[in-house]
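Please read the points below with the structure open beside you. They are meant to be checked one at a time.

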Amino acid sequence: MPDWVRERVMSLRLLHEKTGRGRFVSKLASRYMVHEDQAARLIGVLRDEREALELLSVTEDAVMKSIRVNTIKVSKKEVVESLGAKGVELGDHPYVSYGLVVYETPVSLSALHEHLMGYYYIQGPASMLPVLALDPAGLEVVLDSCSGAGGKTTQIAQHNPRGLIVSVDSSPRKLLALKNNLSRLGVYNVVSVRMDAKRVDELGRFPGALLDAPCSGDGLTPFHKKRRPRSNEDVLGRVELQIELLDSIARALKPGGSVVYSTCSTSFEENEFVVSVVSERRGLGVVETGLPVGEEGVDEYYGLRVDSSVRRCRRLYPHKHMTEGFTICKLVKRP
Amino acid sequence: MSCYTSDDVLEGYELVCVDSGECVEVLVVRASAYEKIPTLGGELAGKVFSVGVHSARVCRDEFKPLLGLLNVLRGRVRRGYVVVNEKSEKVFLYGRDILPEGVLEMKPSGCKGVLVVLNRKLEPIGWARASGGGVIKNMLDLGWYLRSGI
């Protein structure tokens, strides 16, 4: 890890050490079975203990379950009719035109014939937003770093079926899943690359990129099975990786190019802090995401201030938006 | 492709053939995307995992179509197909064969007996081969995506 990354993360470590916490943090942590550090992180971004309690009390039932219609193959109307005939109750996604909310289904969504035929992709409601923020239509080439099984790669292809999409991941297992998803969904314009995503700048220069970064999953508290006790030290390990990943993309961007950085975390450390470190170092500006939903980003956290432009980031919360917790920022490289 | 449809079905696509030892893997990629790869200007060699959609395999001169090829044929199959009823569709998608009573229509093309299997809505759901006794043997069906666990 480069020294400059270590030094920047050290400033967060020192902040954590000197930040006191009241008894409410332990009560909250104990009641909702999260790490005390996580309870403190939440209070730090929400700035309201009662609101942190409200967020942690949200259970899975209150979060929308959703699918993304694969408009490469089929229309939303066709999917609604076809699934409706099988007893699946659907409604419109409030923020994404080709998204559907699933209220009831008699059968597992992954077992339906329409899923096998590639008519939809099962995707979380907030998870569909980063690609909208990127707006990849018309870009000659788009980089999807840490693409995993290709949820966002295939969504980018819906907006841009003719440009080249370069999907990068280090895991052969995930790249195999991506390969199958591309086949199932009928996406023909992707090159998948196996490499360490901290070195994507070796691939060339891109006008647009997406990084849905590996994270602590702080935003997934409504999902009991995904709830993991994450200490601040756990989170800082991820912050180091996130800075290096975003820094590599910043080097790989063409002047004037844009990157959307997102995580399924609500922590300041993994979002506004990472974005401000890299944007300062590489001459990127944080711009409006253009999204119709979300709270402002956080520019002050337990006394630590970052550039106020991070307020253009968008935060989604389970208790306010009925989605998984998510943070989305858009950055542009100065010409 | 003339076994199933007109030859121009792959217009706008490039075929990338990769020698995997005993077989040649055929990948179909959109031409407009493929031609941009050299423009990246970086070091892609040795890092590519896959390109486009893995659509077929040729082993010892035997052509083996894969599920990815069904996408380009969707709505364009004119011959070399069998249409099955709803019950047979469900059974087929579990990896089973098609019995004669499940066949609504069949139009062979004479290309080594490999047929596209279509459901009642004429959506491609897999590949099969006609055999003796009227049974259509399952070669590969869309249910593989679920069964593969990948």
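Predicted model: local features only at pLDDT ≥ 70, side-chain atom pairs only at ≥ 80, totals over all residues.

1. Strand S9, residues 124–130 of chain B, is joined to S10(B) by five bridges, and the two strands run antiparallel. Together S9(B) and S10(B) form a hairpin, with five residues between them. In the turn, Gly133(B) has a positive phi of about 85°.

2. Which strands make up the sheet, and in what order? There are five, and in chain B they follow the order S7-S6-S8-S9-S10. The sheet is open and its pairing is mixed. Its edge strands are S7 (103–107) and S10 (136–141) of chain B, each of which pairs on one side only. From one strand to the next, the twist averages 30°.

3. Strand S6 (residues 81–84) and strand S8 (residues 114–118), both of chain B, run parallel and are joined by three bridges. Here Val83(B) stands opposite Leu118(B) in S8(B).

4. Now turn to chain A and two of its helices. The axes of H1 (residues 3–18) and H10 (residues 232–252) of chain A come within 10 Å and cross at roughly 150°. Because angles over 145 degrees count as roughly antiparallel, H1(A) is described as roughly antiparallel to H10(A). The crossing of H1(A) and H10(A) is right-handed.

5. Which residues bring H1(A) and H10(A) into contact? On the H1(A) side they include Trp4(A), Val5(A), Val9(A) and Leu12(A), with Arg13(A) and His16(A) also taking part. Among the residues they meet in H10(A) are Leu236(A), Val239(A), Ile243(A) and Asp247(A).

6. Is H11(A) mostly covered or mostly uncovered? H11(A) is mostly covered, with 11 of its 14 residues buried. The buried residues include Glu269(A), Glu270(A) and Glu272(A), as well as Phe273(A), Val274(A) and Val275(A). Just after the helix, Gly283(A) takes a positive phi of about 70°.

Note on methods: Residues numbered from 1 in each chain as written. Chains lettered and ligands numbered in written order. Heavy atoms only, no water. Pairing = 2+ DSSP bridges. Helix = DSSP H or I, 4+ residues; strand = E, 2+ residues; numbered from the N terminus. Axes fitted to C-alpha atoms, helices over the stretch in contact; angles between N-to-C directions. Buried < 20%, exposed > 50% of the residue type's maximum accessible area, 1.4 Å probe, protein only. Parallel < 35°, antiparallel > 145°, perpendicular 65-115°, else oblique. Left-handed = near helix turned anticlockwise from the far one by under 90°. Contact = heavy atoms within 4.5 Å.
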